[in-house]
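Here is a short note for your review. Please keep the coordinates open while you read.

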Amino acid sequence: MQTNWKIGSLFGIPLFLDPLWFVILGLATLNFGVAYQAWGTTLAWSAGVVMALLLFGSVLLHELGHSLVARSQGIKVNSITLFLFGGIASIEEESKTPGKAFQVAIAGPAVSVILFLFLRLLGDFLPHNSPASMMVADLARINLVLALFNLIPGLPLDGGQVLKAALWQATGNRFKAVRLAAKAGQILGYGAIALGLAVDYFTGELVTGLWIALLGWFGIRNATSYDRVTVLQETLLNLVAGDSMTRDFRVVDANQTLRSFADSYLLDSTAPGVYFAESDGRYRGIVSIDDLRLVERSQWESLTVQSIVHPLTDIPTVAESTTLVEVINKLEKEQLARITVLSPAGAVAGVIDRGDIVRKLAQKLNLRITEAEIKRIKEEGSYPPGLQLGAIAKSITNS
């Protein structure tokens, strides 16, 4: 698994480098070094390295713009990462209003425009046609291009985020806005791939054409990811605990002895492992096998199951009508293996765990997942690496 390298922090935000960043750093150095050959080999390549670093310094400031505006809204920024296609700020949750989402989206391009204006002004004070003035002019143009490119209206670009904010304001539906902006990003991505192939075919500029096509592929990949996450968020909000719970438990007599209970269930390989005790037609609570093992065996003949019951009022429960988002948040916040689901009358309706949630989502979204994988999720108490439901549910709640 590829690991990013932490290189420090800025305003308390961790900074990371993707190993592939060195590829684009080398290409940028090569590009500038060749362009500056008229200055002499040593100066040209030295300037090439400096310009490549300044280029990514500009990208870093661009992403810092997004990050600081998000933080001003009380949103946590986990990191900023420089990678093959530029930079990305990992912002934990969505802004709470379209206006605030627009502010976060436009902050990056605004920083790039400010850098462009500052560098143009700085260039006026430098000797005309000197290496310094040419480098400043090139860096100014790069920042302008960075701003304009990022304002292309399609996710995952900043322009797509601006478009999403506008559509959110117009429709009042954040999910619909993201889907439409993601669709625009996918269309633009396919257009970029077609353009890259055309550039390669008609001009023979293989590197340029390939780079444009790669940018298109990156756009499609990330726009599709936005779309899938949005569909997942909507599905979670439309499903409740009653939709996903199972009755994978047994009801036992609260008045039977611990010995009788142990003989009946502990050696039963088909037993579900979850037991609820009842007496007089009422659920008394949940029975933990671990609690049974804490009781001296000499007392198993005299003590009843009732003696180790945890009342329903003392255990984690949710109503059948509780959304899956709330269920997931409760599982994660309290680090629970499962939660008991209660009917409107307060009786035990079922139990729900991470495996049950994933199974239901797989059914709703036509995802391929085997029962063996579901079993592993239940046993390990963690979601698959590509399905970070805890983070997704948290982001929905905070939005």
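1. Ground rules. This is a predicted model, so local features need pLDDT of at least 70, side-chain atom pairs count only at pLDDT 80 or more, and totals for chains, interfaces and linings use all residues. Residues are numbered from 1 along each chain as its sequence is written, and side-chain values use heavy atoms, with hydrogens and water left out.

2. Fold and dimensions. The chain has 14 helices and 11 strands. These are DSSP runs (helices H or I, at least four residues; strands E, at least two), numbered from the N terminus. The radius of gyration is 29 Å, whereas a compact globule of 399 residues would have one near 21 Å. That radius is taken over C-alpha atoms, and the globule rule is 2.2 Å times the number of residues to the power 0.38. Along the principal axes, the C-alpha atoms fill a box of roughly 100 × 45 × 45 Å.

3. Of the 399 residues, 44% count as buried. Buried means under 20% relative accessible area, exposed over 50%, and partly exposed in between (1.4 Å probe, protein chains only). Take the contacts (heavy atoms within 4.5 Å) with a separation of 6 or more: residues 24 or more positions apart account for 62% of them.

4. Salt bridges overall. The structure holds 14 salt bridges. Each is a side-chain nitrogen of Lys or Arg within 4 Å of a carboxyl oxygen of Asp or Glu.

5. R259 and E301. Their side chains meet in a salt bridge at 3.4 Å, N to O. The pair links distant parts of the chain, 42 residues apart: R259 is in helix α9 (residues 258-265), and E301 is in the loop between α10 (289-294) and β8 (309-310). R259 is partly exposed at 24% relative accessible area. E301 is exposed at 52%.

6. D356 and its partners. Which residue forms a salt bridge with D356 at 2.7 Å? K378 does. That pair also links distant parts of the chain, with D356 in helix α12 and K378 in helix α13 (residues 371-380), 22 residues apart. R359 meets D356 in a salt bridge too, at 3.3 Å, N to O. R359 and D356 both lie in helix α12 (residues 354-365), 3 residues apart, about one turn of the helix. D356 is buried, at 2% relative accessibility. R359 is partly exposed at 22%, and K378 is partly exposed at 30%.

7. Network. D353, D356, R359, E371 and K378 are linked in a network of salt bridges.
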